[in-house]
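Start with the sequence and the structure.

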Amino acid sequence: MSVGRDLTTRGGRVAVATTTYLYFALILLLPLGWLVWEALGFGATALLEKLRSDAALHAFWLTAVIAALTAVLNGVFGIALAITFTRQRFFGRSLANALIDMPFAVSPVVAGLMIILVYGPRGLLGFFFEGVGLPMIFALPGMVLASVFVTFPFVVRELIPVLEQAGTEMEEAARTLGAPPWAVFREVTFPTIRGALAYGTALTVARSLGEFGAVLVVSGNIALRTQTAPLFVYQAYADFDMPAAFAASLVLILVAIAMLVLLGVWRRRRDRLERRRV
Amino acid sequence: MRIEVRNLSKAFSGVPVVRDVSFTVEEGQLVALLGPSGGGKSTILRIVAGLEDPDAGSVTLGDRRVERVPARERGIGFVFQHYALFPHMTVADNIGFGLKVRKQPPGEVARRVEEMIALVGLQGLGERYPHELSGGQRQRVALARALAPSPRVLLLDEPFGAVDAKVRHDLRTWLRRLHDNVGVTSVFVTHDQSEALEIADRVIIVHHGRIEQNDTPEGIWRGPANAFVAEFVGATNRIAGRVAGDEIDAGFLRHPRPAGLEDGAPVLVLARPAEVMLHPVGEDESPARVHRISFVGHSMKVEVEVPGHGTLTAEIPPAVVRAKELVPGRPVRVTLSAAQIFPSDTTPPGTITTAARRQGRLSSLFSRLRRARA
C-alpha cells in the first residue's frame, strides 16, 4: 500500500474533504441553486403573478394553518407523553417507547392510507364523524391528522432525554416547598424543557410544511379546498405550469431557510440552558 | 416539631427496603440516620417528607398523622444531596420559591430572602445563577431555600455527599451551628460515621432496612449494640475467639473476659485500629509479624500478619513506631487496649476478617451498580 493512500496524511485528508464536499454539492447545493436560478429566470413579475393566484394563496394559507395546528397538538401531547414516559413505570413501556418512532419508519403514503382506513367515510371512527357532519377525509381534520402522525416523534424525542437527564429531584424539591402540581409544572418542569420543546416544535413545523405523501392521500388534492403548498407545486408541475411550480417552490425554500436559521438559534439556546444545569 | 415514626415498612417491587422501623425525634433535636448505602435510610427520610408512600406504619409530625398528607402540606423542608436547585432561577428566586408558591406578598418574600441569604452567609450572591456557584455555596442555597418557608421539620438527604472533603468538613460544623441558631427539628441521612457522631444529638444506625441502634454518639461509640454497629463505627479488626476462664482466648492474643458469657462460648472480638497495641518480642515468642507500615497522616498504619489467621491493622503514633522499632518482619505480641466482644458462631479462634476490606468491596460493588443503573 502506498503512503499516499493513507487517510492520515495531509494528501489523504484533502482527498477525503474534497470527496465529501463534492458529494454535498452534487446532492444538495447544485439542485437547490439550479432551482433558484431557473425560478428567477421567469422574472419577478411572472413569479409574483403566480403567487397571487387564488389557488396559490389558498394553498399557502392552508399549509400554515395545518402546520400551526400540528405544532400545537404535538406540542401539548408531546409534553404529556414525555412526562408520562419518564415519570411513570407502566406495563408495556418499552414497547410503547419503540412505537413512538414508527411514524419515521412508515412511508407517509402508507400512513395516509391507514388514516383513511380508520377515519374514512366507511372507516371505524370516520363513520361516527361523518354522522355528526364533520367529515375527516378530503377535509382539514384528516390533513391535520396526517401531519400530526408524520411529525409525532419530533417533540417527544426531544423531551424524553431532557426530562430523564433533569431527574425528579427538582420537582420533588418544589413539592416539599409547597408547590401544587400545576405550579410544579409551570415553574420547574416547563422551564426545564422549554429549549427542547422549542426545538422539537420547530422541527415539527418544518416537516409539516413540506409533508406531501400522507397529505396527498387523505386530502384528495382539491384546488382551493384541500391543496397545500407542496401539493400545489406537484399539481402545477403536472400541468406544465412551470412558473407557478417554481414560484411556489421558491417560497417553500425561503421558508425552509428561515426555519434553519431559527433552528440554529434555538439549538444554541437549548444547549445553553443545558449547560446551566448543575 | 416532634417526629414519631411507628412500624414503618416499605418495599420496592417486592424487595423490602424498610422493615418495621420505629423511632422518635424530640423537638429541636438534630438526629442522624447512619448506615451503609442501600440500607433504607434515605427511603425512611423520603417517607417522612411525603415523597414516598409507606406500605405500612405511621408518621406523626407534632400531633398530626401525615401518611396520607401530600408533601406540600407537611410543613417540612428537604435538602437533596445534589442540591436540586432550579437552574433557571437566581439564588434569590430559588430561596423565595417556597414563599412565592404559598402566595406571600412580594415585599414579604424579598424581606425573607434577604434574611435567609444573610443567615447562610451568601450576601451579594442573590442575583447569581446556581451554575455560577461552588458546590458548598449551592448547598447553602439549598438549605436557605428549605428554611425560607419556616418549616417545622428539616430533612437532609446526604447533605454533604456531593462536595469535596475540605468543604464537607466545614459545612458540617456550620450546619450544627445553624441548627443551634434556628432550632428546627432536623434529621439528616449520612453514610459517614464521623459526620454523624460529630454533629448529631442522637444517631440512629440503619442497616438492611432495620434500626440496629438508636443512641447518643458517645453511647454508640462506647457501647455498640452489636457487631455490625461496632464495625461500622470503626472497629474494623474482627477476631474470632472463645471464652476460656477469665479470658477470651483468640489463639495468638488474649483479652479480659466481659461479664455475661458462658465458659467455652464462641465470641467475636472487634477492635479499632487505634486499640491494637504491638510489643516487639524475640523471634520465637509470637507468630505475629509486622507486614507493612504506611503513613496515613496523623498516625502510621501498621499491618500485622498472623500466619494461619490473617492480617490485623493497627494505628500507632509515629513516635511510638520509632520508639518500639517497629519495622516490617519484626515479631510482635498483640494486645488490645479495648475491644467489643459479642457472642458469635463457631469460627475457629484467631481467624481475622478485616471489616474494612469487606466494606470496601461492598461499597465498590454498590457504586458499580449505581453506575450501571445510571
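## Terms and model

A salt bridge here is a side-chain nitrogen of Lys or Arg within 4 Å of a carboxyl oxygen of Asp or Glu. The model is predicted.

## Two domains of chain B

Chain B splits into domain 1, residues 3-227, and domain 2, residues 234-363. The C-alpha centres of domain 1 and domain 2 of chain B are 38 Å apart.

## The interface between the domains

Contact involves seven residues of domain 1 of chain B and six residues of domain 2 of chain B. Together the two domains of chain B bury about 520 Å². Carbon and sulfur atoms make up 58% of that area. On the side of domain 1 of chain B, the most area is lost by B:Trp221, B:Pro224 and B:Ala227. These three residues together account for 75% of what that side buries.

How many salt bridges are there between domain 1 and domain 2 of chain B? The count is zero. Polar contacts do occur between these domains of chain B: two residue pairs, both at pLDDT 80 or more. On domain 1 of chain B, the residues touching domain 2 are four nonpolar, two polar and one charged.

In chain B, strand β9 (residues 202-207) pairs with strand β10 (residues 210-215). The pairing is antiparallel and runs over five bridges. B:Val206 sits opposite B:Ile211 of β10(B).

Two residues lie between the strands of the β9(B) and β10(B) hairpin. In this hairpin, B:His208 has a positive phi near 50 degrees.

Terms used. Residues numbered from 1 in each chain as written. Chains lettered and ligands numbered in written order. Predicted model: local features only at pLDDT ≥ 70, side-chain atom pairs only at ≥ 80, totals over all residues. Heavy atoms only, no water. Domains from an automatic or database assignment. Contact = heavy atoms within 4.5 Å. Buried area = accessible area lost by both parts, 1.4 Å probe. Polar contact = N/O pair within 3.5 Å; in protein donor to acceptor, adjacent residues only side chain to side chain. Nonpolar A, V, L, I, M, F, W, Y, C, P; charged D, E, K, R; others polar. Pairing = 2+ DSSP bridges. Helix = DSSP H or I, 4+ residues; strand = E, 2+ residues; numbered from the N terminus.
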